Amino acid sequence: MRWPLPLILGAGLTLFFVAAAALSFVWVPHAITDLSIGDKLQPSSASYPLGTDHFGRDLLSMLMVGARTSIAVAVVAVGIGIAGGVPLGLAAAAHRGSLLDEVIMRGNDLIFAFPSLVIAILITAVLGPSALNAILAIGIFNIPVFARVARGGALSLWTLDFILAARVAGKGTARISAEHILPNIANLLIVQGTIQFSLGILAEAGLSYVGLGAQPPTASWGRMLADAQTMIYSAPRLAILPGLAIVLMVLGLNLMGDGLRDLLDPRVRRARS
Amino acid sequence: MLRFAATRLLSLTLSLVAASLVIFTVIQVVPGDPASFMLGMNAQPETVAALREDLGLNAPLSARYLDWVGGMLSGDFGRSYTYRVPVAELIRDRLWVSLPLAVYALILSTVIAFPVGLIAAARRGKPADFTIMGATQLGIAVPNFWFAMLLVLFFAVNLRWFSAGGFPGWEAGLLPALKALTLPAVALALPQASILARVMRSALIETLGQDYIRTARAKGLNRRQALIRHALRNALIPVLTIIGLQFSFLLAGAIIIENVFYLPGLGRLIFQGITQRDLIVVESVVMLLVFAVIVVTFLVDIAYAVVDPRLRHRR
């Protein structure tokens, strides 16, 4: 099987940022808590490859730690969505048409109808701005997404013969869902997970930009953009680089999602060949 | 059709009730005591007690909820604690910035996306299609507030064509006001146009594979005629849905963009409310935005059923 080009490109970009984030745990060029006002707003040099910001912090180090923040927030938010949504979706599909199914799906419709950004802002406003509350706010909106994908994928599987065989063997609905349905919808969940991951990165950047996400001294791409805005005349570099990081990371994830769908979804594969 | 509309209306009402309950709970219950939350840590107990009285917090929760909802239904959104004016007045002023901005952006997004999606579908698999798909992929990945900053950098700082922010008000005349909204609208529209163009393309490609297109071609229409006369009409259903959803997205997305451009719209009102801990303002504006989103979604649903009778019987 040939790997689609978008998948290679996307996975490459994603790995690049994940590696930068991982590296930032053990090494950054300059600690981001190092404020050297004397070196503020330096252009790029041997010591500061991408220059420094208005506090004299090294931009490259900030970007690396920012990658860590973005990825951590998005990964946990996707985790919340999968942990909460998949069991709901599986339960709804297993008891199709029941009151449970109805309640789960209507509840999901309701969350879908909410403008997520507004509610995320509301949550972080009342609970206080922090990376943790941003995760919570983004994660809640991932739950219905995964519930819907899991339910949709599971519904078509429940009609198949091998599920019937499992029932004849005396397995209960919960066990069938876990042992037979879940592995067969894993590819759908992976593709959706990649998409939600990229949306999570964008959401985190937006919340941090308006000051409701990660708080200083934690570096975050959105926060860096907010700081750079007042200096857009004097130091446009500070406004351009963090944004570029967001775009490349999101682009990488989207391409990877598209590529994975092509690779994992047999229907798309057949249509292409 | 009537039955369809009735069930949709019922679910609309339920959604609104549920939404108001959620917002009420988050604002009135989560911070503990809203009065002490609004006044901060160092408030005098007497001041807190006075504000509690003023906000009617001594009444039971259910009575406060009904009071709030009843007030909104009659156009009374309460009184802003910091501005000392009715919230309805604040909202009315701000709406005249946010609503035109969202409509402006929606028009831009549609005007850009239609021809782009059409060209991509007509030239499927050709370099033009490839370029458009690449560009829209990039457009989706760009955060709109960052794009807004780039627009400011380029058009306001370097070229000096536009001001970097602010709003002269509609009293200053239509053109200056529209000019002030142009960069924000473009920033909002670009990612939406990218999504819409992709939806347009795939909807067109799907309809182009239908039998009636083959029939139309067999009748002697060329590819372009078949595309414009038959495929376009039928591809509009998914496109209309996305446009409907985008409106609410634009209204909500404007929250951040308004902050980039210092526009005195609903978004800035929310943030001012948050920083000043004016929960009355935050509560009402959030409810209003959620209301707008839910109602627009409902209208799109109804519009569909009018356009496509098959949908009336499907769930």
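1. Basis of the note. In this predicted model, local features need pLDDT of at least 70 and side-chain atom pairs count only at pLDDT 80 or more, while totals for chains, interfaces and linings use all residues. Residues are numbered from 1 along each chain as its sequence is written, chains are lettered from A and ligands numbered from 1 in the order in which they are written, and side-chain values use heavy atoms, with hydrogens and water left out.

2. Secondary structure. Chain A contains 10 helices and 0 strands, and chain B contains 12 helices and 0 strands. Helices (H or I, at least four residues) and strands (E, at least two) are DSSP runs, numbered from the N terminus. The order of elements in chain A is accordingly α-α-α-α-α-α-α-α-α-α, and in chain B α-α-α-α-α-α-α-α-α-α-α-α.

3. Dimensions and surface. Along the principal axes, the C-alpha atoms of chain A fill a box of roughly 75 × 45 × 30 Å; the C-alpha trace of chain B spans about 85 × 55 × 35 Å. The accessible surface is about 12,000 Å² for chain A, with 68% belonging to carbon and sulfur atoms, and about 15,800 Å² for chain B, with 64% belonging to those elements. These areas come from the Shrake-Rupley method with a 1.4 Å probe; for residues, only the protein chains shown count as cover.

4. Burial and contacts within each chain. Of the 273 residues in chain A, 51% are buried; of the 315 residues in chain B, 47% are buried. Buried means under 20% relative accessible area, exposed over 50%, and partly exposed in between (1.4 Å probe, protein chains only). Among contacts (heavy atoms within 4.5 Å) with a separation of 6 or more, residues 24 or more positions apart account for 69% in chain A and 73% in chain B.

5. Charge. Chain A carries 18 positive and 14 negative side chains, and the centres of the two sets lie 8 Å apart. Chain B carries 28 positive and 17 negative side chains, with the two centres 20 Å apart. Lys and Arg count as positive and Asp and Glu as negative, whereas His and the chain ends are not counted. Each charge is placed at NZ of Lys, CZ of Arg, CG of Asp or CD of Glu.

6. The interface. Contacts join 39 residues of chain B to 37 residues of chain A. The area buried between the two chains is about 3,300 Å², of which carbon and sulfur atoms give 83%. In chain B, F145(B), W146(B) and M149(B) lose the most area to chain A, together 18% of what that side buries. Buried area here is the accessible area (1.4 Å probe) that two parts lose on being put together, summed over both.

7. The side chains of R198(B) and D258(A) meet in a salt bridge at 3.9 Å, N to O.

8. E204(A). This residue is found in helix α7 (residues 173–209) of chain A. E204(A) is buried yet has no salt bridge, and the nearest side chain of opposite charge, R223(A), is 9.4 Å away. Beyond its neighbours within four places in sequence, E204(A) is in contact with T69(A), S70(A), V73(A), I138(A), A214(A) and S220(A).

9. R237(A). Helix α9 (residues 236–264) of chain A holds R237(A). With a relative accessible area of 23%, R237(A) is partly exposed. The C-alpha atoms of R237(A) and L50(A) are separated by 8.8 Å, although the two are 187 residues apart along the chain. Not counting residues up to four places away in sequence, the residues that R237(A) touches include L41(A), Q42(A), P43(A), L50(A) and P242(A).

10. T207(B) and A226(B). T207(B) lies in helix α8 (residues 174–208) of chain B, and A226(B) lies in helix α10 (residues 223–260) of that chain. T207(B) counts as buried because its relative accessibility is 9%; A226(B) counts as buried because its value is 1%. Leaving aside residues up to four places away in sequence, T207(B) touches Y212(B), I213(B), A231(B), N234(B) and A235(B). With the neighbours within four places likewise left out, A226(B) is in contact with I213(B), R217(B), L221(B) and A231(B). The C-alpha atoms of A226(B) and D54(B), 172 residues apart along the chain, are separated by 66 Å.

Conventions
Salt bridge = Lys/Arg side-chain N within 4 Å of Asp/Glu carboxyl O.
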